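I opened a new notebook page for this structure. My plan was to look at how the chains meet, then at a few single residues.

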2 protein chains.
Amino acid sequence: MHQERRKKEIKVVRKVLDVNEAMAEENRRQYAELGLYVLNVMSSPGAGKTTLLQKTIASLKAKIKVAVVVGDICTTRDADRLSLDHSVPVVQICTDEFGGDCHLAAHVIKEATSGLDLSEFDLLIVENVGNLVCPAEFDIGADKSAVVLSVAEGEDKPIKYPLMFRVCDVAVLNKVDLLPHLEYDKDQAVNFIHEVHADMPVFETSARTGQGLEDWIDWLVREVEAKKKAGNN
Amino acid sequence: MHQERRKKEIKVVRKVLDVNEAMAEENRRQYAELGLYVLNVMSSPGAGKTTLLQKTIASLKAKIKVAVVVGDICTTRDADRLSLDHSVPVVQICTDEFGGDCHLAAHVIKEATSGLDLSEFDLLIVENVGNLVCPAEFDIGADKSAVVLSVAEGEDKPIKYPLMFRVCDVAVLNKVDLLPHLEYDKDQAVNFIHEVHADMPVFETSARTGQGLEDWIDWLVREVEAKKKAGNN
């Protein structure tokens, strides 16, 4: 009996994901037409996404036009932090209004950006809901996805949440300023990442102190410029 | 069109949750008959659940008969850590075999414990999948639920993931040994917890150093003994 129920549940989930994929393709086509680079940033709660993005945007915005979509279940705290410097538009999605979703779906991104003129921007950063599981299953039409993990979380997250590390293109190992105070084996963590996703680039950062941010930001700038160039040709 | 789709999705989710609730009630009745106390432990990935439970079980097992169910998407790492001391039975669930679920559902707990003679135990601890969102929606029939949060995660988790803090009975604020190295406002974190769930007991612990574990374990022992006593009357 349980197996029957289970099969039904899986079928339903499959249907939701198929609908999402079609909408993600629609988003992807629109972003390609506009030459807009979209980055999907995911992590567990508290890995430091918002601080990382604050510092990243502050450094980028002189040369790249950025807009941000922030997904949370509740509160506008992250959007408030990201809008402190008023030059970058930030759209907050509270998924509570969409049934309390644990992820951002493609159609939610579409609705969230409907008030922006996307042709004005080079880069759209999506700060997804803090969750290492569900957001990995929902393509939003982004060019690349980044997973942020914190050294305070333990080394084994990549092998315990492998789908997230499989679908993402780069990993950011954040809060490295805490390493002297932890029993954290950084080499093991990186090995676990590469066990799941061979050759995945890993940026070691401390968003708080600024350590290591340069390589991460350089990578992002190169990505955005490559897409712009491809669009101009 | 999106609204229509959305309504359909919500209906489907509602159905899955209803089925789960019926099964949770079945579990609850069985646990009541046996006088078995069941604790559901939830947190984001890397908050320190496994270390907390290792220390808790080591301290309890002389006076209380404990069994453990551990949920992960992949790997048996947590179960391996919890079984190191071979005196406590540990059942690992890899939700990958159940469609990669982001939570433990009531029927999964039932299946996981089907190989144990539950009448032999006083306490069943369920270490849920690391996720601050979805496990909160799935009643498993436990007596009480505990949410573990780490001071490395930022103060605002309770108001960003309010359902989890609403459905749980106690909170464990873990990794307090890291406080000197963080800009973490512990009072604000506790205020946020109480904003969502007034009077929620908060245990401040470092599972690594052992700091604060006594109060948490005392609470758990009192809970288990109260249920045993009620069952004997």
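**Entry 1: the interface**

I am working with a predicted model. I began with polar contacts and found 13 residue pairs across the interface of chain B and chain A, both residues at pLDDT 80 or more. Next I asked which elements of chain B supply two or more residues to the side that touches chain A. They are α1 (2-34), α3 (77-83), α4 (106-112) and α5 (157-160) of chain B. Of these, α1(B) gives the most, with nine residues. I then sorted the residues on that side of chain B by type. I noted 21 nonpolar, ten polar and 17 charged.

I also looked up the extent of the interface. On chain B, 48 residues are in contact with 48 residues of chain A. The two chains bury about 4100 Å² between them. Carbon and sulfur atoms carry 58% of that area.

**Entry 2: how the copies are related**

I counted eight salt bridges between chain B and chain A. One that I looked up joins the side chains of Lys160(B) and Asp78(A), at 2.7 Å from N to O.

Is Lys160(A) buried or exposed? Its relative accessibility is 6%, and under 20% counts as buried, so I wrote it down as buried. Setting aside neighbours within four places in sequence, I listed what Lys160(A) touches: Asp72(B), Ile73(B), Cys74(B), Thr75(B) and Asp78(B).

**Entry 3: Val126 in chain A**

My last stop was Val126(A). I found this valine in strand β4 of chain A, residues 123-127. Val126(A) has a relative accessible area of 0%, so I marked it buried.

Which residues surround it in contact, beyond four places in sequence? For Val126(A) I noted Val38(A), Leu39(A), Asn40(A), Val41(A), Val69(A), Leu104(A), Ile109(A) and Ile140(A). I also looked up the separation of Val126(A) and Gly71(A). They are 55 residues apart in sequence, and their C-alpha atoms are 7.7 Å apart in space.

Notes. Residues are numbered from 1 along each chain as its sequence is written. Chains are lettered from A and ligands numbered from 1 in the order in which they are written. This is a predicted model: local features need pLDDT of at least 70, side-chain atom pairs count only at pLDDT 80 or more; totals for chains, interfaces and linings use all residues. Side-chain values use heavy atoms; hydrogens and water are left out. Buried means under 20% relative accessible area, exposed over 50%, partly exposed in between (1.4 Å probe, protein chains only). Contact means heavy atoms within 4.5 Å. Helices (H or I, at least four residues) and strands (E, at least two) are DSSP runs, numbered from the N terminus. Buried area is the accessible area (1.4 Å probe) that two parts lose on being put together, summed over both. A salt bridge is a side-chain nitrogen of Lys or Arg within 4 Å of a carboxyl oxygen of Asp or Glu. A polar contact is a pair of N or O atoms within 3.5 Å; within protein, one must be able to donate a hydrogen and the other to accept it, and residues adjacent in sequence count only if both atoms are side-chain atoms. Ala, Val, Leu, Ile, Met, Phe, Trp, Tyr, Cys and Pro count as nonpolar, Asp, Glu, Lys and Arg as charged, and the others, Gly among them, as polar.
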